[in-house]
Amino acid sequence: FSDHLNGLFSPLKFPPDLAARILTHASHPAAFHGHNAQSAFIAGRRVLESYLLLLLTSSPHLKPSHDLQEIVSRVLNIYFLGEHIGSKWGLGRVMRWTPTIATSMLTDDARVDKTKLLKDVGLYKVQGDAVTAVIGGIFQQFGGSVAHRVFHTRMLPRLLLPQGGLPVCFRSDANAACARLGGSRGDLVLDPSTPEQQEQKLEAPQEQNLDVPPLHRQTL
């Protein structure tokens with residue numbers, strides 16, 4: 001588990017127990033030892049909502065007619081995150097979870113709608129839960145500045161899609177934020193000796209304002 005997350009978010013180093021909990025769904029028998037539905041991981045959802053709302057409310061393209069709640073719900077829809085972020089991160093290959101349908105329904109028949117099948121077995125939902133758990137885990141383990149950079153450089157650029165993604169009028173804001181933080185391969189850990197990264201650190205929201213419960217309080 002750690003190797004997979006470390007590879008995705010280099011140079012971050014995830015503790016083995018944290019990585020295992022992030023990638024274990026409550027449906028799996030191993031969830032008895034800890035899973036990603038615990039409150040610290042659920043808090044990843046609040047972190048994502050906060051970062052997206054900060055982007056939207058600071059945009060010069062925001063209009064009174066925009067429904068912020070609807071935009072946030074659409075962009076951060078758990079199935080949408082699972083399909084477009086979880087799949088890209090390869091979470092389905094490493095997660096521990098139990099499908100919601102019998103294995104006999106998993107077939108290679110070409111007539112089967114693969115997208116519908118993946119939804120039926122619950123893969124996108126489970127991957128979406130894991131995505132929010134990843135953000136919650138990063139926020140708690142590495143801090144709000146790192147989670148903020150992951151959101152803008154590893155997540156939001158992949159959510160600029162015609163169906164269900166960020167509205168077109170805000171995409172220039174998302175692209176500008178990504179570029180400002182170094183692009184899709186930008187550094188996740190700031191070097192305080194670098195002037196431009198000092199400036200980026202000042203732009204990142206402070207984690208203490210998000211009121212997320214710490215991981216060490218979780219009961220396994």
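Predicted model: local features only at pLDDT ≥ 70, side-chain atom pairs only at ≥ 80, totals over all residues.
**Exercise 1. Lys125 and Asp129**

Solution. 
- Step 1. Lys125 and Asp129 lie four residues apart in helix α7, so about one helical turn separates them.
- Step 2. In an α-helix there are 3.6 residues a turn, so residues three or four places apart point the same way.
- Step 3. The closest N and O atoms of Lys125 and Asp129 are 2.8 Å apart. The cut-off for a salt bridge is 4 Å, and Lys125 forms one with Asp129.
- Step 4. Lys125 has 30% relative accessibility and counts as partly exposed, while Asp129, at 15%, counts as buried.

**Exercise 2. The other salt bridges**

Task: How many salt bridges are there by this rule, and where do Asp17, Arg21, Arg45 and Glu49 lie?

Solution. 
- Step 1. The count comes to three salt bridges.
- Step 2. One of them pairs Asp17 with Arg21, at 3.9 Å from N to O. Both residues belong to helix α2 and sit four residues apart, about one turn of the helix.
- Step 3. Asp17 is partly exposed, with a relative accessible area of 46%, whereas Arg21 is buried, with 9% relative accessibility.
- Step 4. Another salt bridge joins Arg45 and Glu49, whose closest N and O atoms are 3.2 Å apart. These two residues are in helix α3, again four residues apart.
- Step 5. Arg45 is partly exposed at 23%, and Glu49 is partly exposed at 27%.

**Exercise 3. Helix α7 as an element**

Task: What span should α7 have at 1.5 Å a residue, and how many of its residues are buried?

Solution. 
- Step 1. Helix α7 has 20 residues, which should span 28 Å at 1.5 Å a residue.
- Step 2. Of the 20 residues of α7, 16 are buried, so the helix is largely enclosed by the rest of the structure.
- Step 3. Just after α7 comes Gly143, with a positive phi of about 105°. Most residues other than glycine have a negative phi.

**Exercise 4. The nonpolar core**

Task: Which residues have the most contacts inside the largest nonpolar core, and which element gives the largest share of this core?

Solution. 
- Step 1. The largest nonpolar core holds 47 residues. Those with the most contacts inside it are Phe9, Phe14, Ile22, Leu52, Ile138, Met155 and Leu166.
- Step 2. The elements that give two or more residues to this core are α2, α3, α4, α5, α7 and α8.
- Step 3. The largest share, nine residues, comes from α7.
- Step 4. Take Ile138 as an example. Setting aside its neighbours within four places in sequence, Ile138 is in contact with Phe9, Leu12, Phe14, Gly143, Val146, Ala147 and Val150.

**Exercise 5. Aromatic pairs**

Task: How many aromatic pairs are there by this rule, and why is the pair of Phe14 and Phe142 edge-to-face?

Solution. 
- Step 1. The count comes to four aromatic pairs.
- Step 2. For Phe14 and Phe142, the ring centres are 5.2 Å apart and the planes stand at 75°, so the pair is edge-to-face. The cut-off for edge-to-face is over 60 degrees.
- Step 3. This pair links distant parts of the chain, with Phe14 in the loop between α1 and α2 and Phe142 in helix α7, 128 residues apart.
- Step 4. Phe14 is buried at 4% relative accessibility, and Phe142 is partly exposed at 24%.
- Step 5. Tyr51 and Phe151 form a tilted pair, 5.9 Å centre to centre with 50° between the planes. Tyr51 lies in helix α3 and Phe151 in helix α8, so the pair ties together parts that are 100 residues apart in sequence. Both of these residues are buried.
- Step 6. Ring pairs also link Phe9, Phe14, Trp89 and Phe142 into a cluster.

**Exercise 6. A cis peptide bond and the cysteines**

Task: Which residues does a cis peptide bond join, and how many disulfides are there by this rule?

Solution. 
- Step 1. The cis peptide bond joins Ser10 and Pro11, with omega about 10°. Most peptide bonds are trans.
- Step 2. Pro11 is placed in the loop between α1 and α2.
- Step 3. The disulfide count comes to zero.
- Step 4. Cys169 is partly exposed, with a relative accessible area of 31%, whereas Cys178 is buried, at 9%.

Terms used: Residues numbered from 1 in each chain as written. Heavy atoms only, no water. Core = buried A, V, L, I, M, F, W, Y, C linked by side-chain atoms within 4.5 Å. Buried < 20%, exposed > 50% of the residue type's maximum accessible area, 1.4 Å probe, protein only. Contact = heavy atoms within 4.5 Å. Salt bridge = Lys/Arg side-chain N within 4 Å of Asp/Glu carboxyl O. Disulfide = S-S within 2.5 Å. Phe/Tyr/Trp six-rings, centres within 6.5 Å; stacked < 30°, edge-to-face > 60°. Expected span 1.5 Å × (residues − 1).
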